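Have the viewer open and a selection tool at hand. We will go from one selection to the next and look at what is there.

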Amino acid sequence: IAAVLAAKLMVVGPFVVPAGVIAFSLTFLCTDIISEVYGKKIAHQTVLAGFIALVATLIFIRIAIVWPEASFWKDQGAFSSILGTSERIIIASIIAYLISQNADVWIFSKLRGMTNGRFLWIRNNVSTMLSQLLDSVVFVVIAFYGSMPVFEIIIGQWVIKMGIAALDTPLVYAGVWAIRRSNKMSSPATTQTMN
């Protein structure tokens, strides 16, 4: 949904950011939890699944826009205007997603090795903040270069994303704890012990 929302620019305090910034920022929370619990390989597979879902969504939106509307339906213009993001935004979303999400998983994994599996909060924040910067630069330059002030949008988007990254740290800990607890509860050894 972040790719769809990105067509709108909104104001958050003194910053102008694409409306998809919050939804997209939460994907880094998910990949960090998956990386911590299941490892780098599964996290990369999750990124690939997200990429396939993103491409499929954008294809289906395009089909819905070009498909002839019912004669009595009068909102084709609004529908196309809202959902018909420009080709540049679509390409920017796809490229930025692939680069930044894979970078997040890679950085998180490297930091996990460097910290011997300790300091989850460092892995979460550093990997997310660096990959979010990469995402902001790639997305904004491809989507808006030449038509809008890219530097201001990049800075605004990254500042908001850094704030979200800092706030999501307790959610990463909670997610990791919940999944590990659930996995422990459903393991055969634990089930036999409980019976």
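Which residues do ring pairs link into a cluster? Select F24, F28 and Y97: these are the residues joined through their rings. Keep in mind along the way that this is a predicted model.

Now zoom in on F24 and F28. They sit four residues apart in helix α2, so about one helical turn separates them. F24 has 13% relative accessibility and counts as buried, because the cut-off for buried is under 20%. F28, at 0% relative accessibility, is buried as well.

The count of aromatic pairs comes to four. In one of them, the ring centres of F24 and F28 lie 5.3 Å apart with their planes at 85°, so this pair is edge-to-face.

Next, select W73 and F79. W73 is partly exposed, with a relative accessible area of 34%, and F79 counts as partly exposed at 25% relative accessibility. Their ring centres are 5.8 Å apart and the planes meet at 75°, so W73 and F79 form an edge-to-face pair.

For the last stop, select helix α8, residues 169-186. Colour T169, V172, G175 and V176, which are buried. Look down the axis of α8: the buried residues fall within an arc of 120°, so they line one face of the helix.

Terms used. Residues numbered from 1 in each chain as written. Predicted model: local features only at pLDDT ≥ 70, side-chain atom pairs only at ≥ 80, totals over all residues. Heavy atoms only, no water. Buried < 20%, exposed > 50% of the residue type's maximum accessible area, 1.4 Å probe, protein only. Helix = DSSP H or I, 4+ residues; strand = E, 2+ residues; numbered from the N terminus. Arc of directions from axis to C-beta. Phe/Tyr/Trp six-rings, centres within 6.5 Å; stacked < 30°, edge-to-face > 60°.
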